[in-house]
Amino acid sequence: MTRGMVLFAVALTGLAVTLVLRPSGMAQAQVAPAVDRASWRWYKGNTHTHTLESDGDSTPEEVTRWYQERGYQFLVLSDHNVLTPVDALARQFGKAESFLLVAGEEITDRVGEKPLHVNGLNVSRLVAAQGGPSVPAALQRDIDAIRAANGVPHINHPNFGWAISHADLAGLERYRLLEIFNGHPTVNNFGGGDAPGMEEVWDRLLTAGQRIYGIAVDDAHYFKRPWDPLAPKPGKGWVVVQAPRLEAAALMASLENGDFYASTGVELESYAASPAAIDVRVRVAGTTRYRVQLVRGGAVVQTVDGPSARFALSGRGYARVVVRDSNGASAWGQPVFIPQH
(Lines give C-alpha, C1' and ligand atoms only; values in the text may rest on other atoms or scores of the structure.)
Protein backbone atom coordinates (compact mmCIF):
# COMPACT_ATOMS: atom_id res chain seq x y z
CA MET A 1 0.00 0.00 0.00
CA THR A 2 2.99 2.32 -0.04
CA ARG A 3 4.21 2.09 -3.63
CA GLY A 4 4.16 5.67 -4.82
CA MET A 5 1.53 8.36 -4.75
CA VAL A 6 0.25 11.45 -6.50
CA LEU A 7 -0.52 14.56 -4.48
CA PHE A 8 -2.54 17.43 -5.82
CA ALA A 9 -4.84 20.17 -4.55
CA VAL A 10 -7.65 22.26 -5.90
CA ALA A 11 -9.13 25.48 -4.59
CA LEU A 12 -12.82 25.82 -3.84
CA THR A 13 -14.54 28.90 -2.41
CA GLY A 14 -11.31 30.02 -0.84
CA LEU A 15 -10.59 26.73 0.89
CA ALA A 16 -8.18 24.05 -0.25
CA VAL A 17 -9.23 20.51 -0.97
CA THR A 18 -6.28 18.13 -0.90
CA LEU A 19 -6.38 14.72 -2.53
CA VAL A 20 -3.90 11.86 -2.29
CA LEU A 21 -3.88 8.83 -4.55
CA ARG A 22 -2.18 5.64 -3.43
CA PRO A 23 -2.36 2.08 -4.70
CA SER A 24 -4.90 0.08 -2.73
CA GLY A 25 -6.40 3.23 -1.33
CA MET A 26 -8.61 6.22 -1.79
CA ALA A 27 -8.80 9.88 -0.93
CA GLN A 28 -11.83 11.64 0.43
CA ALA A 29 -12.07 15.34 -0.19
CA GLN A 30 -14.22 17.66 1.88
CA VAL A 31 -14.41 21.44 1.90
CA ALA A 32 -11.95 22.10 4.73
CA PRO A 33 -8.61 23.71 5.38
CA ALA A 34 -5.88 22.00 3.38
CA VAL A 35 -4.13 19.05 5.00
CA ASP A 36 -0.75 17.88 3.81
CA ARG A 37 -1.30 14.17 3.23
CA ALA A 38 1.93 13.48 1.41
CA SER A 39 3.09 11.17 4.20
CA TRP A 40 -0.30 9.58 4.95
CA ARG A 41 -0.66 5.83 4.43
CA TRP A 42 -3.49 3.36 3.93
CA TYR A 43 -4.41 0.82 6.60
CA LYS A 44 -6.73 -2.17 6.20
CA GLY A 45 -8.74 -2.98 9.29
CA ASN A 46 -11.83 -4.52 10.83
CA THR A 47 -13.90 -2.73 13.46
CA HIS A 48 -16.27 -5.54 14.49
CA THR A 49 -15.24 -9.02 15.63
CA HIS A 50 -15.73 -11.33 18.62
CA THR A 51 -13.75 -13.69 20.84
CA LEU A 52 -14.36 -16.16 23.66
CA GLU A 53 -14.74 -13.13 25.92
CA SER A 54 -18.35 -13.01 24.69
CA ASP A 55 -19.86 -15.33 22.07
CA GLY A 56 -16.96 -16.20 19.77
CA ASP A 57 -15.21 -19.55 19.49
CA SER A 58 -11.57 -18.39 19.70
CA THR A 59 -9.34 -16.64 22.18
CA PRO A 60 -8.38 -12.98 21.72
CA GLU A 61 -4.87 -14.17 20.84
CA GLU A 62 -6.14 -16.56 18.16
CA VAL A 63 -8.43 -13.93 16.69
CA THR A 64 -5.70 -11.31 16.61
CA ARG A 65 -3.30 -13.72 14.92
CA TRP A 66 -5.87 -14.54 12.21
CA TYR A 67 -6.10 -10.90 11.13
CA GLN A 68 -2.42 -10.11 11.46
CA GLU A 69 -1.38 -13.09 9.36
CA ARG A 70 -3.78 -12.04 6.59
CA GLY A 71 -2.46 -8.57 6.05
CA TYR A 72 -4.73 -6.43 8.20
CA GLN A 73 -3.01 -3.46 9.83
CA PHE A 74 -5.52 -2.85 12.62
CA LEU A 75 -8.28 -4.66 14.49
CA VAL A 76 -10.97 -3.75 17.01
CA LEU A 77 -12.03 -6.54 19.36
CA SER A 78 -15.69 -5.74 20.02
CA ASP A 79 -17.14 -8.32 22.37
CA HIS A 80 -20.71 -7.93 23.62
CA ASN A 81 -20.81 -5.69 26.71
CA VAL A 82 -17.21 -6.66 27.47
CA LEU A 83 -14.13 -4.49 27.07
CA THR A 84 -11.65 -7.17 26.06
CA PRO A 85 -8.14 -6.26 27.32
CA VAL A 86 -5.76 -5.50 24.47
CA ASP A 87 -2.61 -4.17 26.17
CA ALA A 88 -0.87 -7.52 26.57
CA LEU A 89 -1.90 -8.58 23.05
CA ALA A 90 -0.64 -5.29 21.68
CA ARG A 91 2.77 -5.92 23.18
CA GLN A 92 2.78 -9.40 21.65
CA PHE A 93 1.53 -8.52 18.18
CA GLY A 94 2.07 -4.81 17.74
CA LYS A 95 4.91 -3.51 15.64
CA ALA A 96 5.48 0.08 14.58
CA GLU A 97 3.51 0.83 11.39
CA SER A 98 2.66 -2.86 11.09
CA PHE A 99 -0.27 -3.91 13.28
CA LEU A 100 -2.43 -2.16 15.87
CA LEU A 101 -5.06 -3.44 18.29
CA VAL A 102 -7.77 -0.97 19.30
CA ALA A 103 -9.95 -1.35 22.38
CA GLY A 104 -13.62 -1.73 21.61
CA GLU A 105 -16.98 -3.02 22.74
CA GLU A 106 -20.30 -3.92 21.16
CA ILE A 107 -22.85 -2.23 23.40
CA THR A 108 -25.70 -4.71 23.24
CA ASP A 109 -29.05 -3.20 24.15
CA ARG A 110 -32.70 -4.06 23.66
CA VAL A 111 -36.07 -2.34 23.49
CA GLY A 112 -38.84 -4.90 23.78
CA GLU A 113 -37.98 -7.64 21.31
CA LYS A 114 -35.70 -5.45 19.20
CA PRO A 115 -31.94 -6.03 19.51
CA LEU A 116 -29.89 -2.81 19.36
CA HIS A 117 -26.14 -3.01 18.89
CA VAL A 118 -23.73 -0.06 18.74
CA ASN A 119 -19.97 -0.47 18.59
CA GLY A 120 -17.77 1.79 20.69
CA LEU A 121 -14.33 2.15 19.07
CA ASN A 122 -11.32 3.18 21.14
CA VAL A 123 -13.39 3.60 24.30
CA SER A 124 -11.52 4.45 27.50
CA ARG A 125 -13.72 2.29 29.73
CA LEU A 126 -16.55 -0.24 29.70
CA VAL A 127 -19.82 1.29 28.51
CA ALA A 128 -23.05 -0.13 29.89
CA ALA A 129 -26.11 -0.52 27.68
CA GLN A 130 -28.30 2.48 28.46
CA GLY A 131 -31.78 1.28 27.47
CA GLY A 132 -34.67 3.62 26.80
CA PRO A 133 -38.39 3.87 26.15
CA SER A 134 -37.99 3.63 22.37
CA VAL A 135 -35.49 2.47 19.78
CA PRO A 136 -34.24 5.99 18.92
CA ALA A 137 -34.02 6.95 22.60
CA ALA A 138 -31.98 3.87 23.50
CA LEU A 139 -29.67 4.27 20.51
CA GLN A 140 -29.06 7.94 21.29
CA ARG A 141 -28.29 7.14 24.92
CA ASP A 142 -25.83 4.45 23.85
CA ILE A 143 -24.18 6.82 21.36
CA ASP A 144 -23.88 9.51 24.01
CA ALA A 145 -22.42 7.04 26.51
CA ILE A 146 -19.77 5.98 23.98
CA ARG A 147 -18.89 9.62 23.38
CA ALA A 148 -18.64 10.16 27.15
CA ALA A 149 -16.10 7.31 27.22
CA ASN A 150 -14.06 9.13 24.54
CA GLY A 151 -15.05 6.54 21.94
CA VAL A 152 -16.31 6.60 18.36
CA PRO A 153 -19.74 5.00 17.81
CA HIS A 154 -20.88 3.02 14.83
CA ILE A 155 -24.37 1.62 14.48
CA ASN A 156 -24.38 -2.09 13.73
CA HIS A 157 -26.56 -4.15 11.32
CA PRO A 158 -29.84 -2.17 11.60
CA ASN A 159 -31.80 -4.93 9.82
CA PHE A 160 -30.75 -7.61 12.31
CA GLY A 161 -34.06 -8.67 13.83
CA TRP A 162 -35.55 -5.85 11.72
CA ALA A 163 -34.81 -3.74 14.78
CA ILE A 164 -33.74 -0.31 13.51
CA SER A 165 -35.68 1.48 10.78
CA HIS A 166 -34.69 4.40 8.60
CA ALA A 167 -37.02 6.57 10.71
CA ASP A 168 -35.20 5.46 13.86
CA LEU A 169 -31.86 6.49 12.37
CA ALA A 170 -33.06 9.77 10.88
CA GLY A 171 -33.22 11.68 14.15
CA LEU A 172 -30.02 10.44 15.76
CA GLU A 173 -27.11 12.76 16.48
CA ARG A 174 -23.40 12.53 17.31
CA TYR A 175 -22.55 9.55 15.13
CA ARG A 176 -20.96 9.32 11.69
CA LEU A 177 -20.53 5.59 10.99
CA LEU A 178 -23.17 3.11 9.85
CA GLU A 179 -22.70 -0.52 8.85
CA ILE A 180 -23.88 -0.79 5.25
CA PHE A 181 -22.44 -4.32 5.05
CA ASN A 182 -22.09 -6.84 7.85
CA GLY A 183 -20.73 -10.31 7.12
CA HIS A 184 -22.98 -12.15 9.56
CA PRO A 185 -25.27 -14.42 7.48
CA THR A 186 -28.52 -13.40 9.22
CA VAL A 187 -28.43 -9.59 9.35
CA ASN A 188 -30.50 -8.89 6.22
CA ASN A 189 -28.08 -6.47 4.57
CA PHE A 190 -30.18 -6.32 1.40
CA GLY A 191 -33.57 -5.82 3.03
CA GLY A 192 -36.73 -7.69 2.18
CA GLY A 193 -40.44 -7.13 1.79
CA ASP A 194 -41.14 -3.52 2.69
CA ALA A 195 -37.83 -3.10 4.54
CA PRO A 196 -35.06 -1.39 2.52
CA GLY A 197 -31.52 -2.69 2.29
CA MET A 198 -28.71 -0.85 4.01
CA GLU A 199 -27.43 0.96 0.93
CA GLU A 200 -30.90 2.38 0.37
CA VAL A 201 -31.13 3.44 4.01
CA TRP A 202 -27.72 5.11 3.70
CA ASP A 203 -28.83 7.00 0.60
CA ARG A 204 -32.01 8.15 2.30
CA LEU A 205 -30.00 9.58 5.18
CA LEU A 206 -27.56 11.29 2.81
CA THR A 207 -30.38 12.71 0.70
CA ALA A 208 -31.86 14.22 3.85
CA GLY A 209 -28.58 16.02 4.46
CA GLN A 210 -27.02 13.79 7.10
CA ARG A 211 -23.25 13.30 6.93
CA ILE A 212 -22.98 9.54 7.39
CA TYR A 213 -20.15 7.26 6.24
CA GLY A 214 -20.71 3.62 5.31
CA ILE A 215 -18.53 0.87 6.74
CA ALA A 216 -18.17 -2.84 6.02
CA VAL A 217 -17.31 -5.38 8.72
CA ASP A 218 -17.21 -9.14 9.08
CA ASP A 219 -18.76 -9.41 12.59
CA ALA A 220 -16.82 -12.66 12.92
CA HIS A 221 -17.71 -15.04 15.73
CA TYR A 222 -16.48 -18.40 14.47
CA PHE A 223 -12.95 -18.99 13.26
CA LYS A 224 -13.04 -22.79 13.58
CA ARG A 225 -16.11 -23.68 11.48
CA PRO A 226 -15.15 -22.90 7.88
CA TRP A 227 -17.55 -25.57 6.58
CA ASP A 228 -20.65 -24.03 8.24
CA PRO A 229 -22.60 -21.68 5.91
CA LEU A 230 -24.52 -20.20 8.87
CA ALA A 231 -21.40 -19.37 10.89
CA PRO A 232 -20.37 -15.70 10.96
CA LYS A 233 -16.80 -16.09 9.72
CA PRO A 234 -13.91 -13.61 9.32
CA GLY A 235 -12.74 -11.87 6.20
CA LYS A 236 -16.15 -10.85 4.86
CA GLY A 237 -15.93 -7.07 5.08
CA TRP A 238 -13.40 -4.41 6.06
CA VAL A 239 -12.34 -0.79 5.73
CA VAL A 240 -9.18 0.74 4.27
CA VAL A 241 -8.40 3.96 6.14
CA GLN A 242 -6.10 6.79 5.13
CA ALA A 243 -4.31 8.24 8.16
CA PRO A 244 -1.04 9.97 9.02
CA ARG A 245 0.12 7.06 11.20
CA LEU A 246 -0.97 3.73 12.61
CA GLU A 247 -2.36 5.11 15.84
CA ALA A 248 -5.82 4.72 17.34
CA ALA A 249 -6.60 8.43 17.57
CA ALA A 250 -5.45 9.04 13.99
CA LEU A 251 -7.51 6.14 12.64
CA MET A 252 -10.61 7.28 14.53
CA ALA A 253 -10.26 10.83 13.19
CA SER A 254 -9.97 9.53 9.63
CA LEU A 255 -12.99 7.27 10.03
CA GLU A 256 -15.11 10.15 11.30
CA ASN A 257 -13.94 12.35 8.44
CA GLY A 258 -14.76 9.76 5.78
CA ASP A 259 -11.12 9.16 4.84
CA PHE A 260 -11.60 5.52 3.95
CA TYR A 261 -13.35 3.10 1.65
CA ALA A 262 -15.29 -0.02 2.59
CA SER A 263 -14.97 -3.35 0.80
CA THR A 264 -16.12 -6.94 0.62
CA GLY A 265 -13.30 -7.91 -1.72
CA VAL A 266 -12.72 -5.21 -4.33
CA GLU A 267 -9.37 -3.47 -3.93
CA LEU A 268 -8.88 0.05 -5.24
CA GLU A 269 -5.71 0.99 -7.07
CA SER A 270 -6.48 4.69 -6.72
CA TYR A 271 -9.37 6.94 -5.83
CA ALA A 272 -9.68 10.73 -5.94
CA ALA A 273 -12.76 12.73 -5.05
CA SER A 274 -13.63 16.41 -4.99
CA PRO A 275 -16.81 18.42 -5.49
CA ALA A 276 -15.78 18.64 -9.16
CA ALA A 277 -15.12 14.99 -10.02
CA ILE A 278 -14.57 11.46 -8.78
CA ASP A 279 -11.88 9.26 -10.33
CA VAL A 280 -11.57 5.58 -9.47
CA ARG A 281 -9.30 2.79 -10.61
CA VAL A 282 -9.65 -0.82 -9.45
CA ARG A 283 -6.77 -3.21 -8.88
CA VAL A 284 -7.81 -5.96 -11.29
CA ALA A 285 -7.76 -9.51 -9.92
CA GLY A 286 -7.34 -12.22 -12.55
CA THR A 287 -10.20 -12.39 -15.03
CA THR A 288 -12.67 -10.59 -12.75
CA ARG A 289 -14.72 -7.85 -14.42
CA TYR A 290 -15.95 -4.62 -12.86
CA ARG A 291 -18.77 -2.12 -13.04
CA VAL A 292 -18.37 1.36 -11.52
CA GLN A 293 -21.51 3.29 -10.65
CA LEU A 294 -22.13 6.88 -9.63
CA VAL A 295 -24.95 7.26 -7.10
CA ARG A 296 -26.73 10.55 -6.44
CA GLY A 297 -29.95 11.08 -4.53
CA GLY A 298 -30.35 7.36 -4.03
CA ALA A 299 -30.24 6.52 -7.74
CA VAL A 300 -27.54 5.23 -10.06
CA VAL A 301 -27.05 8.10 -12.49
CA GLN A 302 -24.05 6.85 -14.46
CA THR A 303 -22.40 3.48 -15.06
CA VAL A 304 -19.04 2.58 -16.53
CA ASP A 305 -18.21 -1.02 -17.37
CA GLY A 306 -14.53 -1.55 -16.69
CA PRO A 307 -11.97 -1.14 -13.91
CA SER A 308 -11.67 2.66 -14.10
CA ALA A 309 -14.00 5.61 -14.38
CA ARG A 310 -14.15 9.37 -14.10
CA PHE A 311 -17.36 11.14 -13.16
CA ALA A 312 -17.72 14.91 -13.52
CA LEU A 313 -19.90 16.44 -10.80
CA SER A 314 -22.12 19.49 -10.78
CA GLY A 315 -25.21 20.75 -9.02
CA ARG A 316 -25.51 20.16 -5.29
CA GLY A 317 -26.16 17.40 -2.78
CA TYR A 318 -23.94 14.36 -2.48
CA ALA A 319 -22.32 11.87 -4.81
CA ARG A 320 -20.72 8.52 -4.12
CA VAL A 321 -19.20 5.70 -6.13
CA VAL A 322 -19.69 1.96 -5.74
CA VAL A 323 -17.72 -0.72 -7.59
CA ARG A 324 -19.28 -4.16 -8.19
CA ASP A 325 -17.32 -7.11 -9.49
CA SER A 326 -18.37 -10.17 -11.45
CA ASN A 327 -17.94 -12.43 -8.41
CA GLY A 328 -20.27 -10.50 -6.14
CA ALA A 329 -17.83 -8.31 -4.22
CA SER A 330 -18.15 -4.54 -3.81
CA ALA A 331 -16.24 -1.46 -2.74
CA TRP A 332 -17.90 1.75 -1.56
CA GLY A 333 -16.35 5.19 -1.71
CA GLN A 334 -17.54 7.68 0.87
CA PRO A 335 -19.92 10.46 -0.16
CA VAL A 336 -18.66 13.74 -1.52
CA PHE A 337 -20.79 16.67 -0.41
CA ILE A 338 -21.19 19.28 -3.12
CA PRO A 339 -21.76 22.80 -1.79
CA GLN A 340 -24.49 25.04 -3.11
CA HIS A 341 -23.10 27.89 -5.21
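Q: Which side chains meet in a salt bridge with an N to O distance of 3.3 Å?

A: Side chains of opposite charge can pair when their charged atoms come close. A salt bridge is defined here as a side-chain nitrogen of Lys or Arg within 4 Å of a carboxyl oxygen of Asp or Glu. In this predicted model, Arg174 and Asp144 form such a pair, at 3.3 Å from N to O. Arg174 lies in the loop between helix H4 (166-170) and S8, and Asp144 in helix H3 (residues 135-148), so the pair ties together parts that are 30 residues apart in sequence. Helices (H or I, at least four residues) and strands (E, at least two) are DSSP runs, numbered from the N terminus.

Q: Are Arg174 and Asp144 buried, partly exposed or exposed?

A: Buried means under 20% relative accessible area, exposed over 50%, and partly exposed in between (1.4 Å probe, protein chains only). Arg174 is partly exposed at 47% relative accessibility, and Asp144 is partly exposed at 29%.

Q: How many salt bridges does the rule give, and which residues are linked in a network?

A: The count comes to 14 salt bridges. Glu199, Asp203, Arg320 and Arg324 are linked in a network of them. Among the other pairs, Glu61 and Arg65 have their closest N and O atoms 3.1 Å apart. Both residues lie in helix H1 (residues 60-69), 4 residues apart, about one turn of the helix. Glu61 is partly exposed at 32%, as is Arg65 at 29%. A further salt bridge joins Arg225 and Asp228 at 2.4 Å, N to O. Here Arg225 is partly exposed, with a relative accessible area of 29%, whereas Asp228 is buried at 14%.

Q: What lines the second largest pocket?

A: Rolling a probe the size of a water molecule over the atoms shows where empty space is left. On a 1 Å grid over the protein atoms alone, a pocket is an open set of points where a 1.4 Å probe fits, with protein on both sides within 12 Å along at least five of seven lines; lining residues have an atom within 4 Å of a point. The second largest pocket is lined by 13 residues, of which Phe181, Phe190, Arg324, Ser330 and Trp332 lie nearest its centre. Two or more lining residues come from each of strand S8 (177-182), helix H5 (198-207) and strand S18 (330-333).

Q: How much of the chain is buried, and where does Leu268 lie?

A: Of the 341 residues in the chain, 56% are buried. The secondary structure comes to 6 helices and 19 strands. Leu268 is in strand S12 (residues 268-273) and is buried, with a relative accessible area of 2%. Leu268 and Val280 are 12 residues apart in sequence and 7.5 Å apart in space, C-alpha to C-alpha.

Notes. Residues are numbered from 1 along each chain as its sequence is written. This is a predicted model: local features need pLDDT of at least 70, side-chain atom pairs count only at pLDDT 80 or more; totals for chains, interfaces and linings use all residues. Side-chain values use heavy atoms; hydrogens and water are left out.
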